[in-house]
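Please look over the structure below.

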Amino acid sequence: MSNPGNGGAVDEGLGAEGGSGEAVAEGLVDGAVDGAVDGAVDGAVDGAPVDETHWVRWHRAYEDPDSALSMRLRLVQDGVREVLDHHPPGPIRIVSICAGQGRDVIDVVADHPRRADVRARLVELDPELVAFARARAAEAGVGDVVEVVEGDASLAGSYAGALPADLVVICGVFGNISDDDIRAVARRMPALCAPGGTVVWTRHRRPPDLTPSVRGWFAEAGFVEKSFVAPSPYVLGVGCHQLVGGAGEGEADGGTLDPDLRLFDFVGNGSLPA
Ligand SMILES: C[S@@+](CC[C@H](N)C(=O)[O-])C[C@H]1O[C@@H](n2cnc3c(N)ncnc32)[C@H](O)[C@@H]1O
């Protein structure tokens, strides 16, 4: 298994390319990522150990609407909204893999006319982030259609009963798993998706930019690209890929997945150097 992209600390690598001045002060430079800024302050980069609250701190950048992470969030939310806008009448099944605070799904569903049709499962390991997501869904009045599961998102069994999905959100993951695992996830994704289902994914584009490969892997797996956004000068990428035809690899739909199947190893923990 190859090394994870560019390390957990840099995750989506949202920083501007070669930024300086204010951008540097905000940590928005290549090699740092807002969200990892906290980690840098706390010495969570350059190989220093991190504590179990690392991912809680990572999410603080969402509190700043001008952060690169917040900009990424809006792009992801555009992808989520697009699916809800155009889905035919009936249930809309959503799964979010390593959901974090769940803002990408919860905030869009809360404001959408199709909210009552949504059946969303968000899977997240960190109990504090799970509590945040549950509270946010409840406050937004969508606690009945957004289920937040505290569990291991890398296990296929975490999605039992929630598949096949019309929308799979996998954001903040491809910077924290190996290149081989990203490819394997893309190849496996047709088994999680309903026919015509969409995957919204993110990945930083710091050199060597893996996003061209990721886009190719989704194409190989039977997806067409609805959009890929890589706004300059940031080094983030947000992709939306739609499955054409049915499920792949001989699996009729998500219901056939072995619950013990491990989809990926989440190796990023913020301790790797940028
Ligand atoms: C980079 S954050 C992304 C969160 C969210 N998807 C977003 O984009 O804002 C990665 C998240 O994955 C979670 N995570 C790590 N390993 C996990 C696992 N095995 N199962 C579920 N969540 C996991 C972390 O707790 C963290 O919240």
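The shell around the ligand takes at least two residues from each of α3 (54–58) and β2 (118–124); helices (H or I, at least four residues) and strands (E, at least two) are DSSP runs, numbered from the N terminus. The model is predicted: local features need pLDDT of at least 70, side-chain atom pairs count only at pLDDT 80 or more, and totals for chains, interfaces and linings use all residues. Residues are numbered from 1 along each chain as its sequence is written.

There are 17 residues around the ligand, and C98, G100, L125, A153 and G172 come nearest. A residue is near a molecule or strand if its C-beta atom, placed from the backbone, lies within 6 Å of it. By type, the shell has ten nonpolar, three polar and four charged residues. Here Ala, Val, Leu, Ile, Met, Phe, Trp, Tyr, Cys and Pro count as nonpolar, Asp, Glu, Lys and Arg as charged, and the others, Gly among them, as polar.

Strand β1 (residues 92–97) has six of its six residues buried, where buried means that 20 or more other C-beta atoms lie within 10 Å of the residue's own, all placed from the backbone. On one side these are I92, I94 and S96, and on the other R93, V95 and I97, which leaves both faces covered.

β1 pairs with β2 in the parallel sense over six bridges; two strands pair if DSSP finds at least two bridges between them. R93 has R119 of β2 as its bridge partner. Strand β4 (residues 165–170) also runs parallel to β1, joined by three bridges, and V169 in β4 is the bridge partner of S96.

Methods: Buried ≥ 20, exposed ≤ 12 C-beta atoms within 10 Å, placed from the backbone.
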